[in-house]
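This briefing covers selected local features of one protein model.

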Amino acid sequence: MFWSSAVSLLAVHASLVAGHPGGNHEHELAVRREHLQNSRSNLSHCAKSLEARGITKRSIERRVAVARSLEGEVSANVYPNQHAVDISAFASNASCALSPEEILGPYYVAGEYVREDVREHQVGVPLTLDIQFIDSSTCEPVAGKYIELWGANSTGVYGGVVAPENGNGNGDPGNLKNSWLRGVQKSDEDGVVQFRTIFPGHYIGRTNHLHVLVHPDAKPFPNGTILSTTASFVGQLYFPQELANRVEKRAPYNTNKQPVTSNSKDEFLQGDLAQGGNPIIDYKLVTNDISGGVIGWLAYGIDVEKEETVQPIHTFNAREAEETQAY
């Protein structure tokens with residue numbers, strides 16, 4: 001039942017997958033333009049309110065704490081002579097930028113685990129993310145909501161997906177079982193989630209990016225997964241080009257044979273920028289060497305009243321989730 005359902009889902013979405021990432025993007029871009037026109041959220045009006053309530057200060061303190069913890073992990077084994085964390089480096093805040101919605105993309109898999117560390121066995125530059133969600137109407141943190149994150153591995157392959165242009169394509173049915181680089185976290189009182197992942201690799205037609213999704217009413221199942229196809233926000237997260245360039249020079253990223261698409265050539269990111277958006281993280285290296293990892297942060301303004309149905313290409317742990325719905 002599980003496998004047949006997955007195959008059916010793949011068939012339904014075959015045309016979409018065929019057009020992403022390497023095919024004709026015109027339909028996706030048309031949808032993208034509509035999102036940009038109707039769903040932009042500007043947080044600039046929230047800056048003073050967030051600062052007055054101490055939320056901005058706590059954001060800086062939170063990033064510094066993460067940096068110190070990560071530096072301690074790395075330094076103990078590799079870099080014993082690193083300098084103390086530079087607090088001023090974490091004072092920047094992307095919350096004043098527009099954060100328009102994005103299309104879902106064809107590689108969304110529902111039914112993922114609630115967990116902070118999504119790396120599993122995947123190798124790449126460690127990436128720790130601090131992502132905040134703010135109600136763009138009230139400037140209140142979006143607290144207590146389940147947030148999904150997913151992305152490609154260091155060579156541009158999505159786990160949990162069997163599709164002609166993903167990894168070994170249809171010749172790798174076992175990839176349906178993979179849950180790496182996908183996970184869910186519940187936002188805290190400041191509307192923040194943190195994830196430990198790896199810097200995503202590029203793939204044909206797309207620059208390095210990650211996907212995020214906010215569920216307005218999801219609840220975890222006893223098996224530790226979330227299964228919800230309702231979203232109040234769908235977004236993508238990007239990286240400064242100079243950072244991506246440094247990462248792409250390292251193994252295993254430099255073994256990726258897919259053509260590189262830079263930020264300036266990625267039509268989806270450029271659509272955001274053309275509308276005044278800036279969904280690009282602020283970041284700080286954990287150590288002087290990029291192999292020590294990256295800390296990145298970004299704030300999204302969202303419309304919490306909005307709800308839409310999202311269509312996964314595949315449902316991970318679908319059988320277990322169905323069995324636990326009775327609890």
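In helix H7, the buried residues include Phe 268, Leu 269, Gly 271 and Asp 272. These residues lie on the same side of H7, because the arc they cover around the axis is only 155°. The model is a predicted one.

**Helix H7 and its ends**
- An α-helix has 3.6 residues a turn, so residues three or four places apart point the same way.
- The N-terminal end of H7 is capped by Asp 266. A side-chain oxygen of Asp 266 lies 3.0 Å from the backbone nitrogen of Phe 268, and Phe 268 is itself one of the buried residues of H7.
- After H7 comes Gly 276, with a positive phi near 95°.
- In the loop between helix H6 (241-248) and H7 (267-274) lies Pro 252. The peptide bond that joins Ala 251 to Pro 252 is cis, with omega at about 0°.

**The four-stranded sheet**
- Strands of a sheet pair through backbone hydrogen bonds, either parallel or antiparallel.
- Here 4 strands make up an open sheet, and their order is S5-S4-S7-S10. The pairing is antiparallel.
- Strand S5 (182-186) and strand S10 (233-238) are the edge strands, each pairing on one side only.
- On average, neighbouring strands of this sheet are turned by 20° against each other, with direction ignored.
- Within the sheet, S4 pairs with strand S7 (residues 209-215) over 6 bridges, in the antiparallel sense.
- Leu 213 in S7 has Glu 148 standing opposite.

- Most residues other than glycine have a negative phi, and most peptide bonds are trans.
- Glu 120 is not a glycine, yet its phi is positive, at about 50°. Glu 120 sits in the loop between strand S2 (112-113) and strand S3 (126-135).
- Glu 120 counts as partly exposed because its relative accessibility is 41%, which falls between the cut-offs of 20% and 50%.
- Cys 139 also has a positive phi, near 65°, and is a residue other than glycine. The loop that holds Cys 139 runs between S3 and strand S4 (146-151).
- Cys 139 counts as buried because its relative accessibility is 7%, with buried meaning under 20%.

Conventions:
Residues are numbered from 1 along each chain as its sequence is written. This is a predicted model: local features need pLDDT of at least 70, side-chain atom pairs count only at pLDDT 80 or more; totals for chains, interfaces and linings use all residues. Side-chain values use heavy atoms; hydrogens and water are left out. Helices (H or I, at least four residues) and strands (E, at least two) are DSSP runs, numbered from the N terminus. Buried means under 20% relative accessible area, exposed over 50%, partly exposed in between (1.4 Å probe, protein chains only). The arc is that of the directions from the helix axis to the C-beta atoms. A polar contact is a pair of N or O atoms within 3.5 Å; within protein, one must be able to donate a hydrogen and the other to accept it, and residues adjacent in sequence count only if both atoms are side-chain atoms. Two strands pair if DSSP finds at least two bridges between them. Axes are lines fitted to C-alpha atoms, for helices over the stretch in contact, and angles run from 0 to 180 degrees between N-to-C directions.
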